[in-house]
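Here are my notes for you, point by point. Keep the picture open while you read.

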Amino acid sequence: MFAIPGKPPVTMTDAAARQIARLMGEGGTEGLRIGVKKGGCAGMEYTMDYVAEADPHDEVVEQNGARVLIAPMAQMFLFGTEIDYEVSLLEAGFKFNNPNVSEACGCGESIKFEGM
């Protein structure tokens with residue numbers, strides 16, 4: 001994993017940690033696995049899946065009862081990312097504040113990384 005000793009590869013806001021922990025409790029899952037895949041108008045998309053068991057190659061970040069697992073192929077793209085959970089009048093959902101993103105499409109669903 002790409003890491004700085006003593007610093008988690010991703011962080012969660014309190015709102016995100018509460019939501020992930022709540023959903024873990026409701027679904028009986030081991031955590032939320034995040035990753036990236038090819039797709040969307042900018043070239044890449046985030047993936048999020050609740051999982052029953054961690055893969056031995058996942059990077060695991062725990063905070064306030066929430067557990068995030070980072071898929072191996074996504075680790076270099078997600079280093080330094082803050083995961084937030086926002087609620088507005090029209091929608092609620094997880095938001096990724098990722099310093100590695102060089103472009104994002106207008107809909108906010110698709111991203112591009114430097115050098116890709």
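**Notes on the model**

1. Let's start with Ala66, which lies in strand 5 (strands are DSSP runs of E with at least two residues, helices are runs of H or I with at least four, and both are numbered from the N terminus). Before going on, note that this is a predicted model, where local features need pLDDT of at least 70 and side-chain atom pairs count only at pLDDT 80 or more, while totals for chains, interfaces and linings use all residues. Residues are numbered from 1 along each chain as its sequence is written, and side-chain values use heavy atoms, with hydrogens and water left out.

2. Is Ala66 buried or exposed? Ala66 counts as buried because its relative accessibility is 1% (buried means under 20% relative accessible area, exposed over 50%, partly exposed in between, with a 1.4 Å probe and protein chains only).

3. Who sits around Ala66? Leaving aside neighbours within four places in sequence, Ala66 is in contact with Met12, Ala17, Ile20, Ala21, Met24 and Val61 (contact means heavy atoms within 4.5 Å). Look at Arg18 too: Ala66 and Arg18 are 48 residues apart in sequence, yet 7.1 Å apart in space, C-alpha to C-alpha.

4. Now zoom out to the chain. It has 2 helices and 9 strands, and from the N terminus on they run β-α-β-β-β-β-α-β-β-β-β. Of its 116 residues, 36% count as buried.

5. The largest nonpolar core has 22 residues, and Met12, Ile20, Ile34, Val68, Ile70, Leu78 and Ile83 have the most contacts inside it (such a core is a set of buried Ala, Val, Leu, Ile, Met, Phe, Trp, Tyr and Cys residues joined through side-chain atoms within 4.5 Å). Helix 1 gives the largest share of this core, 4 residues. As for Ile20, it touches Met12, Leu32, Tyr50, Ala66, Arg67, Val68 and Phe94, not counting residues up to four places away in sequence.

6. Asp84 is buried yet has no salt bridge, and the nearest side chain of opposite charge, Arg18, is 7.8 Å away (a salt bridge is a side-chain nitrogen of Lys or Arg within 4 Å of a carboxyl oxygen of Asp or Glu; Lys and Arg count as positive, Asp and Glu as negative, and His and the chain ends are not counted).

7. Which residues does Asp84 touch? Not counting residues up to four places away in sequence, they are Thr13, Ala15, Ala16, Gly93, Phe94, Lys95 and Asn97.
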